[in-house]
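Please work through the following exercises with the sequence and the three-dimensional structure at hand.

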Amino acid sequence: EGVSAGDKSISDYETMLRVWTKPWNNIAVVDILIADCKELVRRLQKADRSIAYQKKIKNVINRVFKWASENRYLDQNMISPMQGLSILRKEEKMPEILSLAEIKKLLKEARDCNHSWYPVWVMALNTGMRSGELYALKWDHVDFEKNQILVHQAFDSHKRKIGPTKGRYWRVVPISSYLRTFLIDLKATSDDREFVLPHTRTWYNSDQVLPLKEFMKSIGLRPVKFHTLRACWATQMLASGVSSAVVMRIGGWKRSSTMDIYLRLAGVDV
């Protein structure tokens, strides 16, 4: 409560640096070399972090050095060792995605064995909502009269509490006839009167990818990340004729570059 977008950004940057610059903790600032920065970039690449994320790390480190110099914590002539390091764009990887047949198999097999994560996967594939948004979804946010879901909260995995969405704005997700039936049945059988989906320790610890990958392996499907379910929703929406502008609005995307990837995956532009 009472945390501004700027404060949240600073907190996110601090968390980012604590994770990725941990090997620098026992090195004096003046002894951090460009070789250390190159090793940092190699670790980011090995972890399959995007070019945008690598550049963000570089910019944050540069800003920390600039701030330290301006506030006399460092010699004013000292510049960040990341300053002259170029981050080269790698060959674009084909994003992982599921075909419609694979999506149907995943849901059918999960339903048939009454898998505990089945409701979560159904919601992810039918709304395009992020993991944190699904975790925070309450029955109060589901409007059966208007057939829509109000998305304005998300679970923050770092702070372990529910707060605003990633973009810090609200949006509305329409409920299809299939999803409406599913939600009505789910509400009738759920013991939780507050949250739509069952909260598990695994999900609370942000390990939602583990049960998905394990189950997909068990039914002969190639495992994918949990976030891929969101991409699958977007691709199927585009392939069925929904405009990219509408998909962006429902899914909460702000950058059209993301839609360009999904448009190519859906084959809409050809």
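Predicted model: local features only at pLDDT ≥ 70, side-chain atom pairs only at ≥ 80, totals over all residues.

**Exercise 1.** Which residues of helix H12 (residues 256–266) are buried, and against which helices do they pack?

*Solution.* 
Step 1. Identify the buried residues of H12: Thr 258, Met 259, Tyr 262 and Leu 263.
Step 2. Consider their directions. These residues lie on the same side of H12, because the arc that they cover around the axis is only 140 degrees.
Step 3. Recall the geometry of a helix. With 3.6 residues a turn in an α-helix, residues three or four places apart point the same way.
Step 4. Name the packing partners: the buried residues of H12 pack against helix H10 (228–239) and helix H11 (244–251).
Step 5. Look at what comes next. Gly 267 follows H12 and has a positive phi, near 75 degrees.

**Exercise 2.** Where are Asn 114 and Arg 168 found, and what is the phi of Asn 114 and of Arg 168?

*Solution.* 
Step 1. Recall the background: most residues other than glycine have a negative phi.
Step 2. Examine Asn 114. Its phi is positive, near 55 degrees, although the residue is other than glycine. Asn 114 belongs to the loop between helix H4 (100–112) and helix H5 (118–127), and with a relative accessible area of 67% it is exposed.
Step 3. Examine Arg 168. This residue, which is not a glycine, has a positive phi of about 60 degrees. Arg 168 is in the loop between strand S4 (161–163) and strand S5 (171–174), and its relative accessibility of 34% makes it partly exposed.

**Exercise 3.** How many cavities of 30 Å³ or more does the structure hold, and which residues line the largest cavity?

*Solution.* 
Step 1. Count: the structure holds one cavity of 30 Å³ or more.
Step 2. State the volume. The largest cavity has about 40 Å³.
Step 3. Name the lining: Met 129, Glu 133, Ala 136, Leu 137, His 141, Leu 150, Val 151, His 152 and Gln 153.
Step 4. Assign the lining to elements.
Step 5. Sort by class: five residues of the lining are nonpolar, three are polar and one is charged.

**Exercise 4.** What is the volume of the second largest pocket, and which element gives the most to its lining?

*Solution.* 
Step 1. State the volume: the second largest pocket holds about 740 Å³ of space.
Step 2. Find the centre. The pocket is lined by 21 residues, of which Leu 17, Val 60, Ile 61, Val 64 and Phe 65 are the closest to its centre.
Step 3. Identify the elements: helix H1 (5–20) and helix H3 (51–70) give two or more residues to this lining. H3 gives the most, with seven residues.
Step 4. Sort by class. The lining has 15 nonpolar, two polar and four charged residues.

Methods: Residues numbered from 1 in each chain as written. Heavy atoms only, no water. Buried < 20%, exposed > 50% of the residue type's maximum accessible area, 1.4 Å probe, protein only. Helix = DSSP H or I, 4+ residues; strand = E, 2+ residues; numbered from the N terminus. Arc of directions from axis to C-beta. Contact = heavy atoms within 4.5 Å. 1 Å grid on protein atoms, 1.4 Å probe; cavity = no way out; pocket = protein on both sides within 12 Å on 5 of 7 lines; lining within 4 Å. Points joined across faces, edges and corners; volume = space filled by probe spheres on them. Nonpolar A, V, L, I, M, F, W, Y, C, P; charged D, E, K, R; others polar.
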